[in-house]
Amino acid sequence: MIALVEWTLQRARLTLCVLGAVLIMGTLAFVNIPKEADPDIQFPFFTVVVVHPGISPEDAERLIVRPLETQLKTIEGLKQMTSAASQGYAAVNLEFDINFDKELAHQRIQEKVDTARPQFPQDANEPQINEFNIALNPVISIVLSGNVPERTLLQTAKRMKRELESVPGVLTAELSGQRDEVLEVVIDPSRLQSYGVTGSDLFRVVTANNQLIPAGNVDTGRGRFAVKVPGLVESPEDVLRLPLKVSGNSVVTLRDIADVQRTFLDANTYLRYNGQPAIAIEVTKRIGENIVDTIGKVKAVVAASKSSIPQAIKIDYSFDQSYWIDSQLTHLTNAILLAIALVMVVVVAALGLRSGLIVGFSIPASFLIGFLCLSFGGYTLNMMIMMGMLITVGLLVDNGIIVVEFADRKMTEGYSRRDAFAQAARRMFWPVVSSTAVTLAAFAPMLFWPGVPGKFMSYLPLTMIFIMTASMVCLLY
């Protein structure tokens with residue numbers, strides 16, 4: 001290690017060029033690093049949900065929960081399993097070790113669920129495997145409200161939803177508070193009786209239509225052509241043309257006994273904003289994307305679409321996480337800058353202006369190198385990393401004070417500035433390394449804290465390791 005110090009001292013220009021390049025890369029990493037409120041942690045929780053309309057809790061436990069538990073409890077790495085049976089559905093919650101392989105765990109759960117599936121009641125819906133991930137929560141809601149026809153509000157929300165899903169960084173944009181459109185068939189009982197059509201005839205016709213029928217291909221010897229059977233209902237007119245029965249030389253269609261109109265399903269939930277009917281678009285970002293930049297792009301798309309929507313529709317934002325993240329990161333950044341300023345004042349007062357500036361340079365330089373390491377490691381800038389930086393502000397100057405103070409003492413003995421700092425780097429190498437190692441050793445056990453809290457807190461010592469190591473390298477080389 002001392003030989004490496006000697007090598008850098010003999011090639012001062014090359015060392016300064018490398019340091020400058022690293023600082024420039026660190027600056028770019030700080031600008032481009034994704035920003036999050038909390039660390040992006042993979043929570044080791046899965047839920048298997050099976051919906052069976054009308055099933056009782058006792059039957060759900062006996063016919064769904066028990067077969068699932070029998071298969072799922074054999075999964076390797078499973079830490080805890082809890083089950084719940086209620087009216088109409090059953091759920092099994094699975095917890096794995098924090099260091100689990102998410103993809104492998106999901107695959108094994110799917111295999112076990114498929115094994116237990118034949119034992120479920122025939123009317124049970126397809127089991128759903130849900131993964132708990134805080135990063136998949138909506139980051140912003142766009143609320144469209146106004147005293148306009150419900151269909152106008154819904155069509156506007158659907159159009160904006162398609163535009164938002166095309167934004168880079170957006171994973172999904174889901175509507176909330178809307179009612180699904182349906183075609184309502186209103187049957188006239190008198191006409192139904194006059195044509196001699198029964199209820200079973202209507203049921204047969206409806207179930208036999210609106211189906212995608214694979215018709216295969218026709219091979220003419222010179223080519224092959226796909227055959228399409230028009231079986232899907234695409235408009236209200238298609239419903240009215242459905243044939244019910246043949247009466248003599250005429251065909252009785254649904255038009256003869258009923259009217260078809262567009263309407264909405266009965267509302268299960270209501271969404272109002274400032275006392276007016278509303279529909280919300282909940283936007284979820286992709287994992288690893290910069291939340292502030294993604295929300296900025298979403299707002300830009302919404303602002304561009306305002307000119308094409310009715311003026312009676314008002315657009316507002318709700319649950320905007322970028323505002324909270326910007327506010328918290330700004331407060332922490334200001335706290336770090338204030339801490340740097342206070343440390344500089346103390347160092348300059350104790351060592352003088354020149355020595356104080358040399359020591360103070362190590363603080364932003366170490367931070368930029370730390371940002372570069374975080375970027376290479378695929379980490380995001382979050383609250384725990386900022387807290388780690390705030391803690392290291394007062395610790396960074398210790399190594400600098402040791403080296404600079406020794407160099408100042410050698411300059412008072414008559415050595416040139418270059419020779420004095422060269423001797424300081426050689427003589428103080430192991431004291432600086434040992435001092436940094438002792439400081440990091442006090443925080444290293446936090447890296448082995450078990451469970452989800454340990455995964456959350458590990459970002460703090462990891463940040464300190466990066467920045468303290470960068471400080472040591474800057475001052476010695």
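## S145 in strand β5

S145 lies in strand β5 (residues 140-145); helices (H or I, at least four residues) and strands (E, at least two) are DSSP runs, numbered from the N terminus. Is S145 buried or exposed? With 2% relative accessibility, S145 counts as buried. Here buried means under 20% relative accessible area, exposed means over 50%, and partly exposed is in between (1.4 Å probe, protein chains only).

Which residues surround S145, leaving aside its neighbours within four places in sequence? S145 is in contact with L153, Y273, Q276, P277, A278, A312, I313, K314 and D316, where contact means heavy atoms within 4.5 Å.

A word on the model: it is predicted, so local features need pLDDT of at least 70 and side-chain atom pairs count only at pLDDT 80 or more, while totals for chains, interfaces and linings use all residues. Residues are numbered from 1 along each chain as its sequence is written, and side-chain values use heavy atoms, with hydrogens and water left out.

## An open sheet of four strands

Next comes a sheet. Its 4 strands follow the order β2-β3-β1-β4, and the sheet is open with antiparallel pairing. Two strands pair if DSSP finds at least two bridges between them. The edges are taken by β2 (78-86) and β4 (128-131), each of which has a single partner strand, so one side of each is left without a neighbour in the sheet. From one strand to the next, the twist averages 20 degrees; axes are lines fitted to C-alpha atoms, for helices over the stretch in contact, and angles run from 0 to 180 degrees between N-to-C directions.

Within this sheet, 7 bridges link strand β1 (residues 45-51) with strand β3 (residues 89-96) in the antiparallel sense. To find one of them, look for V51, whose bridge partner in β3 is Y89.

## Two helices across the sheet

Helix α3 (residues 57-72) lies across β1, β2 and β3, and runs at about 165 degrees to β2. Helix α4 (residues 102-116) lies across β1, β3 and β4, at about 25 degrees to β1.

How do these helices meet, and at what angle do α3 and α4 pack? The angle is about 135 degrees, and the axes are 9 Å apart. That makes α3 oblique to α4 (angles under 35 degrees count as roughly parallel, over 145 as roughly antiparallel, 65 to 115 as roughly perpendicular and the rest as oblique). On the α3 side, P67, L68, Q71 and L72 meet I109, K112, V113, T115 and A116 of α4. Sorted by class, this contact has 6 nonpolar, 2 polar and 1 charged residues; Ala, Val, Leu, Ile, Met, Phe, Trp, Tyr, Cys and Pro count as nonpolar, Asp, Glu, Lys and Arg as charged, and the others, Gly among them, as polar.

## A hairpin

Strands β8 (residues 214-219) and β9 (residues 224-228) run antiparallel and are joined by 4 bridges. P214 stands opposite K228 in β9. The two strands form a hairpin with 4 residues between them, and in the turn G221 has a positive phi of about 95 degrees.

## Two loop residues with positive phi

Most residues other than glycine have a negative phi. N274 is not a glycine, yet has a positive phi of about 55 degrees. This residue lies in the loop between β13 (272-273) and β14 (276-285), and N274 counts as exposed at 64% relative accessibility.

F319, also not a glycine, has a positive phi near 55 degrees. F319 sits in the loop between β15 (314-318) and α10 (321-351), and is exposed, with a relative accessible area of 66%.
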